[in-house]
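This briefing accompanies the structure shown below. Please keep the sequence and the model side by side while reading.

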Amino acid sequence: MNEAKATLHRIRSDEEAEQEMKEIVAEYEESKQHGDPRWSEVFTGRVGRLVLLGASLQMLQQLVGMNAFMYFGPRIFGSFGLKENRFQTINNAVNFVSTLPALYLADRSGRTVLLIIGAAGMGIACTVMGVLGLLFMDNNGGTLVLTNQSVGGFMMAMVFGFVVNFACTWGPIVWVYCCEIFPLKYRGRCVGVTTVTNWVGNYIIAQFSPVLLESLGFGTFFIFGGFSFIGLALALWLPETKGLMLEHIGPIFDKKFGIADSKEAPLSSKGVNTYGTTILIESSSKLA
């Protein structure tokens with residue numbers, strides 16, 4: 001307890017640190033009253049909606065196709081008439097460097113702003129690659145061949161543009177967002193479920209990307225672009241969590257889900273309000 005309070009005082013003003021500490025303790029005590037979390041509660045009520053939201057974000061993070069470039073980059077770059085290994089190495093470096101701005105932008109621009117910009121950028125890049133692939137790529141005995149070499153550089157730029165948009169937005173920000181939205185009592189299990197969803201999506205991309213590239217060629221990128229635009233629609237709906245304490249995020253989703261009163265609306269099928277956020281704020285004001 002003392003260590004947690006000392007940490008809060010280092011990153012907050014004294015007044016904010018004391019207030020946040022009271023709210024953390026209040027939420028913890030509230031969750032203890034209702035016993036240990038059960039798996040059945042993770043998939044029902046308000047927690048179930050949040051898990052569905054987090055799982056959708058993690059699945060879309062994979063279905064936009066980033067790992068198609070990571071796993072099958074040499075094949076894609078080779079079809080541009082480029083040196084496969086050299087440009088795959090460059091692509092990996094672009095991915096690494098582009099992740100760094102997210103460390104700064106997540107708390108400056110906001111989570112949802114980054115997700116919106118990233119999804120739009122990825123969708124545009126994939127659409128352009130799909131159109132150019134249909135116009136200037138031939139399938140020669142199962143091998144994709146570029147018919148106009150002058151287009152190769154532009155298509156490579158689109159690949160790098162896609163990677164930049166993913167690496168500083170959907171790559172890291174989805175993980176941040178999923179760690180913020182769940183109530184304390186269920187957070188560990190909910191994050192575990194959403195992480196499993198991410199790996200399921202990873203498996204789908206790994207298994208089906210080569211099949212799609214062989215059968216559809218660069219038309220595959222229309223599919224990835226479609227998922228990017230679905231991600232854009234979801235990002236436009238998401239509430240912003242930048243600058244909020246974890247204990248204050250619950251009521252924001254209550255409004256999004258159409259739950260007017262977080263004290264009366266149950267989190268689970270048992271009618272247990274494990275967020276306790278409305279009660280929590282009232283309790284803190286009484287303690288203050």
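Ala-167 touches Asn-95, Ser-98, Thr-99 and Pro-172 when residues up to four places away in sequence are not counted, contact here meaning heavy atoms within 4.5 Å. This is a predicted model, in which local features need pLDDT of at least 70 and side-chain atom pairs count only at pLDDT 80 or more, whereas totals for chains, interfaces and linings use all residues. Residues are numbered from 1 along each chain as its sequence is written, and side-chain values use heavy atoms, with hydrogens and water left out.

**Overall make-up**
- The protein chain has 12 helices and two strands, where helices (H or I, at least four residues) and strands (E, at least two) are DSSP runs numbered from the N terminus.
- Read along the sequence, the pattern of the protein chain is α-α-α-α-α-α-α-β-β-α-α-α-α-α.
- Of its 288 residues, 47% count as buried; buried means under 20% relative accessible area, exposed means over 50%, and partly exposed lies in between, for a 1.4 Å probe and protein chains only.
- Among contacts between residues at least 6 apart in sequence, 76% join residues at least 24 apart.

**Ala-167 in helix H8**
- Ala-167 lies in helix H8, which covers residues 152-180, and it counts as buried because its relative accessibility is 1%.
- The C-alpha atoms of Ala-167 and Met-66 are separated by 9.0 Å, although these residues are 101 places apart along the chain.

- Gly-110 is found in the loop between helix H6 (84-105) and H7, and with a relative accessibility of 0% it counts as buried.
- Not counting residues up to four places away in sequence, Gly-110 touches Leu-105, Glu-240 and Lys-242, and its C-alpha atom is separated by 9.4 Å from that of Ile-173, 63 residues apart along the chain.
- Arg-111 belongs to helix H7 (residues 111-136), and it is buried, since its relative accessible area is 7%.
- The side chain of Arg-111 makes a polar contact with the side chain of Asp-107 at 2.8 Å; a polar contact is a pair of N or O atoms within 3.5 Å, of which, within protein, one must be able to donate a hydrogen and the other to accept it, and residues adjacent in sequence count only if both atoms are side-chain atoms.
- Leaving aside neighbours within four places in sequence, the residues in contact with Arg-111 include Ile-173, Tyr-177, Glu-180, Glu-240 and Lys-242.

**Packing of helices H4 and H10**
- Helix H4 (residues 45-63) and helix H10 (residues 220-237) pack at an angle of about 150°, with their axes 9 Å apart; axes are lines fitted to C-alpha atoms, for helices over the stretch in contact, and angles run from 0 to 180 degrees between N-to-C directions.
- Residues of H4 including Leu-53, Ser-56 and Leu-57 meet residues of H10, among them Phe-224, Phe-227 and Trp-237.

**Phe-257 in a loop**
- Phe-257 lies in the loop between helix H11 (250-256) and helix H12 (277-287), and because its relative accessible area is 19% it is buried.
- Apart from residues up to four places away in sequence, Phe-257 touches Arg-46, Arg-49, Leu-50 and Trp-237.
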